[in-house]
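Subject: Structure handover

Hello,

Read them with the model open beside you.

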Amino acid sequence: MQAKASLSFDKWRDIFEESFPDLEKYSTLYKDLHQHPELPCQKSRTASVVAGHLESLGYDVQRNVGGHGVIGILRNGDGTAVLLRSELDALPMKENTGLPYASKVKQVDADGCTKWVMHGCGHDMHMTSLLGAADLLRKVRDAWSGTLICVFQPNEERLLGAKAMIDDGLFDKIPMPGIVLGQHAVPTKAGTIGTRPGRVLGFLDSLSVRVYGKGTHSSTPELGIDPILMGGCIISRLQMVVAREIDFKEPCVVTCGNFHGGTDASIIPEYADFKVDIRSFNKDIQLTAVNAVKRIIEGECQAANSPRSPRIVTAATCPPIDNDNEATVRFTEALHSFYGDKAAETALLMDLDITADDFVLLGHPPGKKPVPYVYWNYGVTPRAEYDKAEKDGTLRDLPFNHNPRFAPEIEPSLRAGIEGLAIASVVFFERRA
């Protein structure tokens with residue numbers, strides 16, 4: 001991770017500005033990706049657009065890594081290999097932004113159900129930002145030396161894509177990176193960039209649960225065992241885990257975001273399915289919460305006289321993101337130098353976020369030493385909307401990621417996304433100029 005590039009970024013500011021990509025072109029690309037979202041494991045069009053764009057820039061491209069994953073490599077002499085990562089996938093939700101380029105896409109999901117599809121987490125902005133940064137760094141390649149690796153990861157929303165790429169030989173297909181860099185769009189003010197050393201994202205365990213009952217007609221509930229009622233009691237009681245079993249000083253969230261049971265009002269079904277996410281920042285707290293959730297599920301099923309033990313499957317698990325302190329400080333200093341007089345309003349402290357991201361796995365090549373990484377946020381909420389909410393004290397009401405009204409302001413969000421990745425990259429490349 002040694003680099004000889006100075007952290008005085010006045011010259012880089014001029015170099016970038018002279019060669020900055022056409023934002024109108026990349027705004028058009030963003031709108032296209034936004035209008036054509038694809039669910040996890042169904043990203044053939046998205047991957048094709050990304051790969052084609054990288055090829056047009058002269059990158060060596062590998063497709064279908066770990067599914068629809070795409071790798072683009074630009075070799076530019078001796079120096080550090082820098083890995084930049086974006087996600088490809090969208091969410092199963094109906095868009096309600098009212099934008100002229102809003103998604104009207106439906107797809108059949110892995111469960112066989114047809115669902116609306118939306119880029120409600122900002123992955124379309126991430127892809128466009130990384131493609132723009134790849135373009136910018138290619139144009140200014142006379143000023144730096146090293147290898148740029150652009151990774152477009154599938155299936156991040158279900159936290160399975162990074163592992164799939166690694167299992168498919170990702171680290172055999174690329175030079176071993178000296179640093180891994182990634183960013184995420186969040187509902188802070190558009191054009192801002194937030195960094196923080198150390199832990200920034202938390203643990204996640206996602207459980208898929210099936211509870212069993214005994215089917216009967218709804219008019220004779222005494223002859224059956226109602227799994228819907230059983231599941232409802234479980235979900236209500238799960239809220240007591242944080243309130244009564246977790247230290248109030250430790251952030252922890254237990255959420256059920258999916259429940260399905262039965263086919264008709266006149267039928268008490270044989271089973272009901274639901275999904276539970278458990279999130280925290282502390283390993284011991286996470287273990288306590290997961291064990292409590294499982295205990296409550298099993299106990300409620302026993303209390304309801306369920307004919308079978310519940311089926312509890314860990315659908316996804318993810319470790320926390322712990323930014324490398326030294327690398328994060330260097331990036332943060334570079335941001336302040338690059339933005340100069342505007343740094344106080346542009347380069348901010350990143351809020352702790354109890355969400356999870358399998359980006360962290362890219363810093364742990366199998367059988368190799370861990371690779372340092374930096375993960376940061378950049379704001380995408382329309383500036384006028386953010387300023388009004390801040391004045392009115394209603395920032396909590398702004399659409400968050402995974403909200404059907406989540407609608408990034410393309411500019412200056414896109415510029416911040418491109419600049420953030422480019423600035424972070426040249427911090428670790430060898431400098432020629």
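S103 sits in the loop between β3 (81-87) and β4 (106-108); helices (H or I, at least four residues) and strands (E, at least two) are DSSP runs, numbered from the N terminus. With a relative accessible area of 6%, S103 is buried. Buried means under 20% relative accessible area, exposed over 50%, and partly exposed in between (1.4 Å probe, protein chains only). A polar atom of the S103 side chain lies 3.2 Å from the backbone nitrogen of V105.

This is a predicted model, in which local features need pLDDT of at least 70 and side-chain atom pairs count only at pLDDT 80 or more, while totals for chains, interfaces and linings use all residues. Residues are numbered from 1 along each chain as its sequence is written, and side-chain values use heavy atoms, with hydrogens and water left out.

Next, the cysteines. A disulfide is a pair of cysteine sulfur atoms within 2.5 Å, and by this rule the count is 0. For C113, the closest cysteine sulfur is that of C41, 16 Å away, which is too far for a bond. C113 is partly exposed, at 38% relative accessible area. C252 is in no disulfide either, as the nearest cysteine sulfur, in C256, is 15 Å away. C252 is buried, with a relative accessible area of 9%.

G257 belongs to strand β12 (residues 252-261). Its relative accessibility is 74%, so G257 counts as exposed. G257 and F274 are 17 residues apart in sequence, and their C-alpha atoms are 7.8 Å apart in space.

Now the second largest pocket. On a 1 Å grid over the protein atoms alone, a pocket is an open set of points where a 1.4 Å probe fits, with protein on both sides within 12 Å along at least five of seven lines; lining residues have an atom within 4 Å of a point. The volume is about 390 Å³, counted as the space filled by probe spheres set on the points. The lining has 16 residues, and G191, Y339, K342, T346 and E419 lie nearest the centre. Two or more lining residues come from each of α1 (10-19), α9 (325-339), α10 (343-346) and α12 (410-428).

Which element gives the most to this lining? It is α12, with 4 residues. Of the 19 residues in α12, 17 are buried. At 1.5 Å a residue, α12 should span 27 Å, which agrees with the 28 Å between its end C-alpha atoms; the expected span is 1.5 Å times one less than the number of residues.

Regards

Terms used. A polar contact is a pair of N or O atoms within 3.5 Å; within protein, one must be able to donate a hydrogen and the other to accept it, and residues adjacent in sequence count only if both atoms are side-chain atoms.
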